[in-house]
Amino acid sequence: MAKLNREMVINEALDLLDEVGLDGVSTRRLAKRLGVEQPSLYHHFQTKEMLLNAMATAAMAPHSTAPLPNPADDWHAWFLDNSRSFRRTLLTRRDGARLHAGTNPQGADFSRAILKLRFLVASGLPEQDARMAMLAASHFTVGSVLEEQAAAVQDTTTDDEPNFDHESAFEAGLALILDGLTTRRPRDDQP
């Protein structure tokens, strides 16, 4: 086996997450998968929390590398696309929303969040409203995906009950957030 490195540990931990879910991820189980003793993992991650944070960052890579908005972009369309990208990324991993919940953007991700906020402000939105809309959309998206992933595990639908359309519910909620934000933006014909 190749020498154990941080990236290998994270990738194997994400594969383990997809197989057993967040509750099943343990350093003991991960070490066994990697063919090492558990203390070997501490060289790369001193605590399980540090490992989970690194896993969350890696799991968010598809969204974290999505193109940033351009000044000429329509802020409505960008806001929708950004939220949809976030949702898709959370759904790519089993328990992706649970893994991500409670994390805060750091480093390059924080810088990207600031650029997104600046784009909304440059589009005419009051800064506080833009900040709260980004936070609300983020929390709404995580909550929506959390419910969707929990429902997929439980699957308690009977033949008498209609299936709940999570994507349509997400789109409706996202539209409500965007509608509310739109009312906060000063009209172009006002001084």
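## Ground rules

This is a predicted model, so local features need pLDDT of at least 70 and side-chain atom pairs count only at pLDDT 80 or more, while totals for chains, interfaces and linings use all residues. Numbering runs from 1 along each chain as its sequence is written, and side-chain values use heavy atoms, with hydrogens and water left out.

## Overall fold

You're looking at nine helices and zero strands, which reads as α-α-α-α-α-α-α-α-α along the sequence. Helices here are DSSP runs of H or I with at least four residues, strands are E runs of at least two, and both are numbered from the N terminus.

Take contacts (heavy atoms within 4.5 Å) between residues at least 6 apart in sequence: 74% of them join residues at least 24 apart.

## Surface and charge

Of the 191 residues, 36% count as buried, meaning under 20% relative accessible area with a 1.4 Å probe, protein chains only. The accessible surface (Shrake-Rupley, 1.4 Å probe) comes to about 11,600 Å², and carbon and sulfur atoms own 52% of that.

On the charge side, there are 20 positive and 27 negative side chains, with the centres of the two sets 8 Å apart. Lys and Arg count as positive, Asp and Glu as negative, and His and the chain ends are not counted. Each charge is placed at NZ of Lys, CZ of Arg, CG of Asp or CD of Glu.

## The annotated stretch

An unreviewed UniProt entry labels residues 26-45 "DNA-binding region"; such annotations may be inferred rather than shown by experiment. In the model, that stretch is 40% helix and 0% strand, and its end C-alpha atoms sit 13 Å apart.

## Two nonpolar cores

A nonpolar core is a set of buried Ala, Val, Leu, Ile, Met, Phe, Trp, Tyr and Cys residues joined through side-chain atoms within 4.5 Å. The largest one has 21 residues, and V9, L30, M55 and L99 touch the most other members. Skipping residues up to four places away in sequence, L99 touches L14, L17, L22, L52, M55, A56 and A59.

A second, separate core of 17 residues includes W75, A130, A137 and F170.

D95 isn't a glycine, yet it has a positive phi of about 60°. D95 falls in the loop between helix 5 (75-91) and helix 6 (96-100), and D95 counts as buried because its relative accessibility is 10%.

Key
Buried means under 20% relative accessible area, exposed over 50%, partly exposed in between (1.4 Å probe, protein chains only).
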